[in-house]
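Here is a brief report on one protein model.

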Amino acid sequence: MGLPESGRTLSAPPIGGLWRDESCWAGRPSSGIPARQAKPFRFGAGMIVQCSDFGRNRMIRLALIGCGGHSRQQHAAPLARYAADHPKAVRLVAACDLDRARAERVCDEFGFAHAYSDLNEMLEREHPDGCVCIVPVPSIVELGAELFRRGIPCVIEKPPGVSLEEAESLAEVARATGTPNMVSVNRRFIPLLNRGIAWARDRGPIFRVRVSLLRHGRREPEFVWSTGIHGIDAARHIVGEVAKWEASVHRTPGSATAWYTIRMTFANGCRGVVELAPTAGMVEESYELLGEGWRVQVVSTVWESVTLRCWRDGRLELETASRPDQPVFFNCGAYDEVVEFVGALKAGRSPRPDLEAVLPSARIGFEIAGRSAGTC
Ligand SMILES: NC(=O)c1ccc[n+]([C@@H]2O[C@H](COP(=O)([O-])OP(=O)(O)OC[C@H]3O[C@@H](n4cnc5c(N)ncnc54)[C@H](O)[C@@H]3O)[C@@H](O)[C@H]2O)c1
């Protein structure tokens, strides 16, 4: 096997056809966590990785693992749209589901090339450059760890496990293998939320953040760590790291399940509150940012519409909404997640947010569940 023709010096010998470039993707999200050691970045088994322009100029081969309802609507659909928008950038090589009929349906509807019902067979035949793994929560850690160990860059769903122990163990595998990974916390990619954050940052520091997740009939006891993680993570996305938090868990007589109020103090001094109301009789998410003389409000019906309103000095300065004709996967950030994942693979960097970046959000959700167990 010869050396690549151009690009920086690669630091490791070609073991099993892999090359390592220490400078390739050691970047970290702006979390203040130091860059960790780079590990081999594999573009398909047996391929030489050349960092600088290599990924940009070649088709990224993507596979989807798990073809259930969420996968179809919020991953297969935006992947297909991205592939249509960027025909020379990605190839949707395979869809894999234990239920082969589901995989075949995803192939038919969204243009994935081959259907599989066996993950090993799919990986060995297709050598994908990246996988989007959207499986039931109890399987996330097992399959995620498998992809990490194989060195296949991947997107995994939230929550990263069914317990804090599982999440921490998966994070250990991620650190040990160094495999580029991304957790699908799509609120970080809601276009109008990010526009509101940018508007706010131009006005000055955020004093308060308020996140509210209202749901209808969500009685599952795991709500706080399985869905509530979105509210916690969105608050961290908006403001930054949480220095301390406290949660109250209310179970009013007659209520079907617990509701939660999580108060946060961020490292930068901002205060925040995340309200989780799983049985509020309707579905809505809202994000509110307050500063000196201004307010930003983002409200979503999850996800048919998203509205953004920005007030300053007593008047409404900006009011806009998602386009009614555009697919919901744009409104909820799912399309921009694809942009991030493919962009990272092409640039030879780790996608954001990775498991390390999302872990603090998961910890808060699991700790609240653990502390409140038996008390409500
Ligand atoms: N980000 C969000 O807002 C959001 C919303 C809903 C669901 N989710 C997440 O999406 C994930 C999937 O949810 P869903 O509702 O689509 O679940 P689902 O049960 O409808 O579908 C999961 C699919 O994965 C398949 N599968 C399971 N193990 C597999 C394996 N080893 N190999 C291949 N396929 C396998 C199943 O056969 C099934 O078709 C969950 O982890 C959930 O937490 C996220």
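## The sheet

Leu-62 sits opposite Gly-130 of S4. The model is a predicted one. Strand S1 covers residues 60–65 and strand S4 covers residues 130–133. These two strands pair in the parallel sense, over four bridges.

S1 and S4 belong to an open sheet of six strands. The strand order is S3-S2-S1-S4-S5-S6, and the pairing is parallel. Strand S3 (114–116) and strand S6 (181–184) are the edges; each pairs on one side only. On average, neighbouring strands of the sheet are turned by 25 degrees against each other, direction ignored.

## The ligand shell

The ligand is surrounded by 24 residues. The closest are Gly-66, Gly-68, His-70, Leu-98 and Glu-157. Helix H2 (69–85) and helix H5 (137–150) are the elements that give two or more residues to this shell. H5 supplies the largest share, four residues.

What is the make-up of the shell around the ligand in nonpolar, polar and charged residues? Eleven residues are nonpolar, eight are polar and five are charged.

## The nonpolar core

In soluble globular proteins, nonpolar side chains tend to be buried together. Here, the largest nonpolar core has 105 residues. Leu-64, Leu-79, Ala-95, Cys-96 and Cys-133 have the most contacts inside this core.

Helix H12 (residues 355–372) contributes the largest share of the core, eight residues. Domain 2 (55–184 + 335–354) and domain 3 (188–332 + 363–372) each give the core at least three residues.

Technical notes:
Residues numbered from 1 in each chain as written. Predicted model: local features only at pLDDT ≥ 70, side-chain atom pairs only at ≥ 80, totals over all residues. Pairing = 2+ DSSP bridges. Axes fitted to C-alpha atoms, helices over the stretch in contact; angles between N-to-C directions. Near = placed C-beta within 6 Å. Nonpolar A, V, L, I, M, F, W, Y, C, P; charged D, E, K, R; others polar. Core = buried A, V, L, I, M, F, W, Y, C linked by C-beta atoms within 7 Å. Buried ≥ 20, exposed ≤ 12 C-beta atoms within 10 Å, placed from the backbone. Domains from an automatic or database assignment.
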